[in-house]
Amino acid sequence: MPIAWFAGLIVTSALMIWKSLMLVTGSESPVVVVLSGSMEPGFYRGDILFLNMGKAPIRTGEVVVFNLDGRDIPIVHRVIKVHERKNGTHIDILTKGDNNYGDDRALYNRGQEWLHMQHIMGRAVGFLPKVGMVTIVMNDYPYLKYALIGVLGLLVLTNKETDRFIPSRSAAARLEFSVLDREMATADVLKQANDREDINPAYHLLLRSELLGSACPGPISPDKVQQLEQLRAPASPGKSLFRFKTGDVHSPHGGPAAQSPFAVSPVGNDTAAGSPFASPRRAQRKIARAPFKVLDAPSLADDFYLNLVDWSSQNVLAVGLGTCVYLWSASSSTVTKLCDLAPNDSVCSVEWSKRGTYLSVGTNSGKVQIWDVAKLKLLRTLEGHRARVGTQAWGSNVLCSGSRDRHILQRDVRCPEHFVAKLVGHRSEVCGLKWSPDDRQLASGGNDNQLYIWSLPATTPVLRFSDHTAAVKAIAWSPHQHSLLASGGGTADRCIRFWNTANGTALNCIDTGSQVCNISWSKNVNEIVSTHGYSQNQVIIWKYPSMAKLATLTGHTLRVLYLAVSPDGQTIVTGAGDETLRFWTVFPSARTTGPDTTTVANMHRTTIR
């Protein structure tokens, strides 16, 4: 089998070349691909680096590739400090990304302050720009890799060495045809074609418009109009087979047929004023399947019950990384460190006020801190919870916080008290909170698989939905329809459910096939974005109410636990346990004529550290 032999030869040659490069360079990985933008502008995502270990000592300023214990993916950063012991047998190395806010100590393993020689895989001695994008595409879209392997395997299985068939050209095998018969047959075929054209002119006109999209060349003659009406008429007038449509007079609902403004079918119920030949086709919106920006987010927790990413109305992204909260401006791509709770506390949730001037930070100790982001100043520290605060929700002047202690505390920031009401109902950790657009109802989800609706100032839930079979973290209110609520369940449930909170009824249920981590409604169009965990780690754009999938976005290698939407409603950012933030353009812009001052289309590449 030549293809199998050729494929084996390629694999063997590649292995031999790789092993030879390892011997020559002294590095276990002589060639690596840059996966993030932390070294820009020196190296960009997709660049291929050539490594050489050598015997020369590591010096400050060199670009090295290192691999931390327990990590699968090596990191490309620059050496900023080198401490060499007197005996010369031990070297401490500190690294930093050129485009990062600080050094890599936050990236190292817990308790590790320095790198040592056993962590260094090699120093960069050369590079090829953007050649490694193929590797990144294969990593972001693994199904392409599997498809390529499947095609190669199929070629190997189906390829066979067989003799070619050469037809006999002997005189006895030749067929003799009469030239006269051939000319008569050709003339007869042309005549029949002309007859059919004369009989069905309207049919050909409609077929050309339907298949080629061409406009009607001029007014239709009366005889063609009659033929057009015959085409529109049902084949069996006396029967109702295949005749029921929306609004059909013969349907159970009755009434005139509803005509779509985008109808293009020439056999539809169009009038002379609205000819199908003049109706424009509605272009289908294209959604990019790859993120336009990827940020490093070291120490971004892989915890389903936390909420560590939020996007303000002032176009500033807040991210909780370990013990710190960082602010990233989408307009200027600048990173600001807001606070550090080390060594005795850590960040469990962040939530912007509606105006984007204050940020509330929920901590592992059960406290809630209110920060003025313009002054980088801590305004208040609110207590009341006995365990971590994993979710928060701002109303106009009311901040609600949910905790592992199973309680929801209502806090009025204008009052000196730490909280003004305690909402009791959940029997396990509260992991999801969302105010309705009019601030009249609060939805809460918990690890007890319950979804509660609260109408303040009442301290008991007015509605209780128990259909989910796993934790309810994903909650979103529709900005387009009053009292419409969407919720998503965890690994054992995998469903997105829709509720009418005005009358307490369940509207619909969609099985997504994987853990639902977040839901958000587009404010520009009636669409939904959901992020998922086990086992597909995907982002899905849905059309409501049909719940047809408009796009499925992949790239994250772990659960997509965090989701936030930009203030212009076009861009989303997703965060995952793979310690990356990915930016996607998924929704259209709002139908307004004024200038857009919050767009993120011109964001520059940077990292969050």
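## Rings and a buried threonine

Both W328 and F583 are buried (under 20% relative accessible area; exposed is over 50%, partly exposed in between, with a 1.4 Å probe and protein chains only). This is a predicted model, where local features need pLDDT of at least 70, side-chain atom pairs count only at pLDDT 80 or more, and totals for chains, interfaces and linings use all residues. Residues are numbered from 1 along each chain as its sequence is written, and side-chain values use heavy atoms, leaving out hydrogens and water.

**Exercise 1.** Describe the aromatic pair of W328 and F583.

*Solution.* Rings of Phe, Tyr and Trp (its six-membered ring) pair if their centres lie within 6.5 Å; planes under 30 degrees apart are stacked, over 60 edge-to-face, and the rest tilted.
- Step 1: the centres of W328 and F583 are 5.2 Å apart, with 45° between the planes, so the pair is tilted.

**Exercise 2.** Is T501 buried or exposed, and which residues does T501 touch?

*Solution.* 
- Step 1: find T501 in the loop between β26 (495-500) and β27 (505-511).
- Step 2: the relative accessible area of T501 is 6%, so T501 is buried.
- Step 3: leaving aside residues up to four places away in sequence, T501 touches Q441, I453, L463, W477, S483 and L485 (heavy atoms within 4.5 Å).

Key. Helices (H or I, at least four residues) and strands (E, at least two) are DSSP runs, numbered from the N terminus.
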